[in-house]
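Please read them with the structure open beside you.

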Amino acid sequence: MLGLDKKDTTLLLIVAVLTMCAPFLLNPFPEGSGMAQFNAGYPDLMQRFVIFGIFAIGFNILFGLTGYLSFGHAAFLGVGSYAAVWMFKLLSMNVLPAIVLAVIMSGLFAMLIGFISLRRSGIYFSILTLAFAQMMFALAYSVLTPITGGETGLQLALSDPRILGASATAEGNIPVPALFGLEMRSSTVWEVGAWKFTFNTGYYFCAVIMLVSFFLAIRIFRSPFGMMLRAIKSNQQRLRYTGLNPKPYTLAAFVISGMYAGLAGALMASMDPLAGAERMFWTASGEVVLMTILGGAGTLIGPVLGAGVIKYMENIVSKINSDILHGWFAFLPDGLEDFVVAIIYPFIGKGWHLTLGLMFMLVVIFLPGGLVEGGQRIARAFRRGKKNEAPKAASTEPAE
Amino acid sequence: MDAIILQILNGLDKGSAYALIALGLTLIFGTLGVVNFAHGALFMIGAFCAVTLSRLFNLSHEVEVPGQTDFLGNPLKKDVPYLHDIFGEATGSAIIDWSVPLAILFAIPIMIAVGVIMERGLIKYFYKRPHADQILVTFGLAIVLQEIIKYYYGANPIPTPAPDAFKGSFDFGAMIGFAENTIIYPYWRLVYFCFAAVIIGAVFAFLQFTTFGMVVRAGMADRETVGLLGINIDKRFTIMFGLAAAVAGLAGVMYVPINPPNYHMGMDFLVLSFVVVVVGGMGSLPGAVAAGFLLGVLESFASMREVIDLIPGINQVIIYLVAIIILLTRPRGLMGRKGVMED
């Protein structure tokens with residue numbers, strides 16, 4: 001289907017079904033129950049899942065395929081956000097032109113930065129991208145305040161021209177981002193018994209875009225171009241000896257992944273129309289590296305998985321506090337309860353970064369292929385168990 | 001002229017910190033071939049060694065002051081540090097006052113222990129892995145270390161003063177023949193610079209003039225041959241890792257009075273230190289030190305009012321700008337060797 005082989009089609013369909021049913025799947029616990037805090041099915045978080053999924057998919061096209069570790073990718077996300085908000089300010093609140101301009105702008109920036117940074121490889125490339133991103137962050141924060149809004153960030157105002165739309169709604173409010181009248185923030189709530197499912201327009205919009213980007217990423221992975229990028233990762237020298245110049249291919253990969261980042265930035269701005277420089281800080285670039293590695297660099301589904309895990313932890317684990325912990329372990333004797341809570345407490349709430357860091361280290365040490373490799377190992381272990389029963393059913397492991 | 005000297009002086013203390021961290025990074029990279037993203041965390045742990053020692057010294061118990069009462073009529077109590085009981089009031093106060101310099105002695109064994117544990121416990125297993133994996137695992141370690149510190153010390157900066165003798169500033173201009181009050185320079189920054197110079201000199205002397213240092217340098221040049229000569233080079237490299245950790249830690253200890261430490265100071269310095277290392281040339285010790293001071297001074301020049309008026313925002317980006325220009329014109333940095341980290 002759509003030029004994909006059977007395995008990829010299945011993967012795409014699974015991802016499509018999962019994202020479309022996310023409001024159900026992420027809300028498995030009824031409202032008001034003790035487990036309700038683990039529900040991730042609220043629009044804000046679901047939007048973040050898919051948006052950062054897009055960001056990580058794009059980063060993976062560069063890092064997973066070519067092996068170039070960029071430490072400044074958040075800069076393109078920031079450029080995308082700023083471009084989108086400017087579109088909202090000047091043109092109209094329709095999200096499509098905003099997204100288009102954001103992708104173009106971030107593509108241009110990626111072309112410029114990539115052209116310079118890709119003259120070097122290895123850690124020098126990482127430092128160059130980091131330097132560019134930090135420079136853009138510092139400038140956005142200080143000198144470019146007229147364009148970027150500086151510390152307060154770029155916000156919409158009632159006095160914005162919005163030549164194709166209205167400056168203000170009939171009630172005198174700032175209009176909200178919409179897709180041809182379909183407001184991004186509008187949601188339908190569906191209550192089934194104790195469960196409450198929220199269907200948010202913005203989420204579904206982002207989800208559809210993520211599916212399209214995911215499809216494009218699969219096509220890139222399977223294309224001759226993707227093959228070239230893998231060749232660059234495995235041995236650039238050999239590629240040059242074959243008479244091929246790797247530079248245009250790496251630059252193309254860099255620009256594509258920059259455009260993905262810009263798209264993610266535009267979607268962030270579409271969901272909540274403001275943009276701040278802190279989105280470009282190097283910790284934000286580090287975050288997308290974490291997501292990609294955690295999920296599995298160079299695999300298709302890995303980055304999306306990593307983005308989901310990290311955003312889930314950021315929003316859910318960080319909300320657990322000591323009272324909740326005491327509630328969970330109330331069945332233990334008093335002294336033991338306090339002891340268990342005292343042990344777990346540093347890892348939750350504000351300490352979720354500690355859990356993240358430990359998890360990340362464990363993944364890098366024991367599972368260099370990320371969570372996807374973990375899944376594959378488990379699957380292989382099961383398959384091996386079956387193989388012992390029926391030795392003739394030996395299957396070859398598909399190369400990922 | 002006086003403005004220029006002032007800016008050079010201002011740049012020296014930050015440059016010293018960059019140079020010390022970059023020196024440690026380069027030591028680790030040159031000996032073990034590992035890119036250590038947790039080096040900023042070592043700097044921060046050093047700073048918190050100073051904080052811890054100062055808190056330990058200030059541990060106190062309440063003593064009733066005879067003959068005085070507070071406004072409720074209860075006997076007035078005052079805190080007396082245990083050190084006063086042990087050493088008497090005058091010596092005790094002096095020790096508390098000098099807690100930051102004394103923390104050097106406290107930090108050296110701790111930092112060497114932390115470094116050796118880190119190398120033996122984690123980094124040892126990453127020699128054969130790609131550089132990207134080393135970067136990532138040490139990045140994870142840095143997050144973990146920083147969160148542990150945050151858990152115990154909180155997220156706010158903790159002011160820890162310098163000894164009274166070094167508080168305040170002095171008129172450097174008057175000493176070298178300028179008009180009075182043109183070049184005012186804080187004492188502690190001068191102390192920091194001298195301290196950094198001593199440490200850097202000591203590290204170089206250690207590598208240059210001792211047998212141990214000679215073997216280490218030989219190992220940096222050709223690890224295999226040194227191993228074939230029957231020398232246990234791994235053990236020496238582990239010690240070098242401990243030494244590099246100690247250098248970073250000491251840089252952190254002495255930096256405490258300049259900037260109150262918080263848990264993410266390591267990361268803030270790490271990014272810049274990496275830029276410094278790359279500008280100096282990966283694997284070159286003199287390059288790292290020179291680039292550290294160079295970038296520190298450039299940064300301080302760029303924050304002069306006249307320069308900012310000329311090129312707005314230059315103070316924010318100068319280091320990165322210089323890094324980009326140097327990397328593009330001198331691909332291996334200022335003093336880099338051929339074939340380092342170019343895979």
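**Notes on the aromatic pairs and the interface**

1. One aromatic cluster is formed by A:Phe71, A:Phe137, A:Tyr141, A:Phe281, A:Trp282, B:Phe37, B:Phe139 and B:Phe274. Rings of Phe, Tyr and Trp (its six-membered ring) pair if their centres lie within 6.5 Å; planes under 30 degrees apart count as stacked, over 60 as edge-to-face and the rest as tilted.

2. This is a predicted model, in which local features need pLDDT of at least 70 and side-chain atom pairs count only at pLDDT 80 or more, while totals for chains, interfaces and linings use all residues. Residues are numbered from 1 along each chain as its sequence is written, chains are lettered from A and ligands numbered from 1 in the order in which they are written, and side-chain values use heavy atoms, with hydrogens and water left out.

3. Over all chains, the rule counts 29 aromatic pairs. One of them joins A:Trp190 and A:Phe197: the ring centres are 6.5 Å apart and the planes stand at 50°, so the pair is tilted. A:Trp190 is partly exposed, with a relative accessible area of 46%, whereas A:Phe197 is buried at 10%. (Buried means under 20% relative accessible area, exposed over 50%, partly exposed in between, with a 1.4 Å probe and protein chains only.)

4. B:Phe43 and B:Phe269 form another tilted pair, with 4.8 Å centre to centre and 50° between the planes. The two residues are 226 residues apart and link distant parts of the chain, B:Phe43 lying in helix α2 (residues 39-57) of chain B and B:Phe269 in helix α12 of chain B. Helices (H or I, at least four residues) and strands (E, at least two) are DSSP runs, numbered from the N terminus.

5. The contact (heavy atoms within 4.5 Å) takes 39 residues from chain B and 38 residues from chain A. About 3,500 Å² is buried between chain B and chain A, and carbon and sulfur atoms give 81% of that area. Buried area is the accessible area (1.4 Å probe) that two parts lose on being put together, summed over both.

6. On the side of chain B that touches chain A, the elements giving two or more residues are α6 (131-153), α12 (265-280) and α15 (314-329) of chain B. The most comes from α6(B), with 13 residues.
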